[in-house]
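These are my notebook entries on one structure.

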Amino acid sequence: MESHKEKRMSANQGRTTDRQDLYSPRIRPEQFKIYMNDIGLLVSMYGYEMKQALLTDSLSGSAKGGIYENLIADFLIKKNYPLYYFKRDDSSSEVEFLIEKDCSVVPLEVKAKKGDTSSLDTLLKKEGTKYGYKLTGSNAGIAGKKRTIPHYMAMFL
């Protein structure tokens, strides 16, 4: 039987799927991402300049994307979604999260700012994918199968 600590740790590790077919994925436990349980603790680990850049919305680069990805992971964990992500071995195609909603697999791509979602767009072209989410710092909208929502609305997924 798992201890309480082991359950919490396993809930915070995103596991990868590597097949092109999302509906019969192969889970690869040796490939995972680790997220902090508390976004405030994550930000507190950075220096003063990073915190100031966050407050003034002048932060750029991969650190900003990682913070927003961690924020969405925190929202999903609190909504009891297991964390899975999609990554193809033969390309750089990656979607940060896959959740099960309305009896189907729903891809979620997280962007720190407005940006291209080519990985999500590729998955949305598949016949079995009903819709997917782009989580970003911009306004909400719908374009085809893609639903764009601001980061803070992830708590309503």
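The entries below follow the order in which I looked things up.

**Entry 1: ground rules.** I noted that this is a predicted model, in which local features need pLDDT of at least 70 and side-chain atom pairs count only at pLDDT 80 or more, while totals for chains, interfaces and linings use all residues. Residues are numbered from 1 along each chain as its sequence is written, and side-chain values use heavy atoms, with hydrogens and water left out.

Entry 2: Buried here means under 20% relative accessible area, exposed means over 50%, and partly exposed lies in between, for a 1.4 Å probe and protein chains only. The core has 22 residues, and those touching the most other members are Ile72, Leu76, Phe97, Leu108, Tyr133 and Leu135. At least two core residues come from each of α4 (62–78), β4 (94–101), β5 (104–110) and β6 (132–136). Such helices (H or I, at least four residues) and strands (E, at least two) are DSSP runs numbered from the N terminus. The most is given by α4, with 7 residues.

**Entry 3: helix α4.** I then asked how many residues of α4 are buried. The number is 12 of 17, so the helix is largely enclosed by the rest of the structure. Among the buried residues are Lys64, Glu69 and Asp74, as well as Ile72 and Leu76. From first C-alpha to last, α4 reaches 24 Å, close to the 24 Å expected at 1.5 Å a residue; the expected span is 1.5 Å times one less than the number of residues. Ile77 lies in this helix and counts as buried because its relative accessibility is 17%. After α4 comes Asn80, with a positive phi near 65 degrees.

**Entry 4: strand β6.** I recorded that 5 of the 5 residues of β6 are buried. Gly132, Lys134 and Thr136 lie on one side, with Tyr133 and Leu135 on the other. In a regular strand the side chains alternate between the two faces of the sheet. β5 and β6 run parallel and are joined by 3 bridges; strands pair if DSSP finds at least two bridges between them. Leu135 is the bridge partner of Val110. Beyond four places in sequence, the contacts of Leu135 (heavy atoms within 4.5 Å) include Ile72, Leu108, Val110, Ile149 and Ala154.

**Entry 5: rings.** I looked for aromatic pairs, in which ring centres of Phe, Tyr and Trp (its six-membered ring) lie within 6.5 Å; planes under 30 degrees apart are stacked, over 60 edge-to-face and the rest tilted. The count is 2. Tyr35 and Phe97 have centres 5.8 Å apart and planes at 40 degrees, so this pair is tilted. Tyr35 is in the loop between β2 (27–34) and α2 (39–44), 62 residues from Phe97 in β4. Tyr35 is buried at 9% relative accessible area, and Phe97 is buried at 1%. Tyr131 and Tyr133 have centres 5.7 Å apart and planes at 90 degrees, so this pair is edge-to-face. Both Tyr131 and Tyr133 are buried.

**Entry 6: charges over rings.** The rule I used is NZ of Lys or CZ of Arg within 6 Å of the ring centre and within 35 degrees of the ring normal. Arg147 lies over the face of Tyr131, 3.7 Å from the ring centre. The charged end of Lys33 sits over the ring of Tyr85, 4.5 Å from its centre.

Conventions:
Core = buried A, V, L, I, M, F, W, Y, C linked by side-chain atoms within 4.5 Å.
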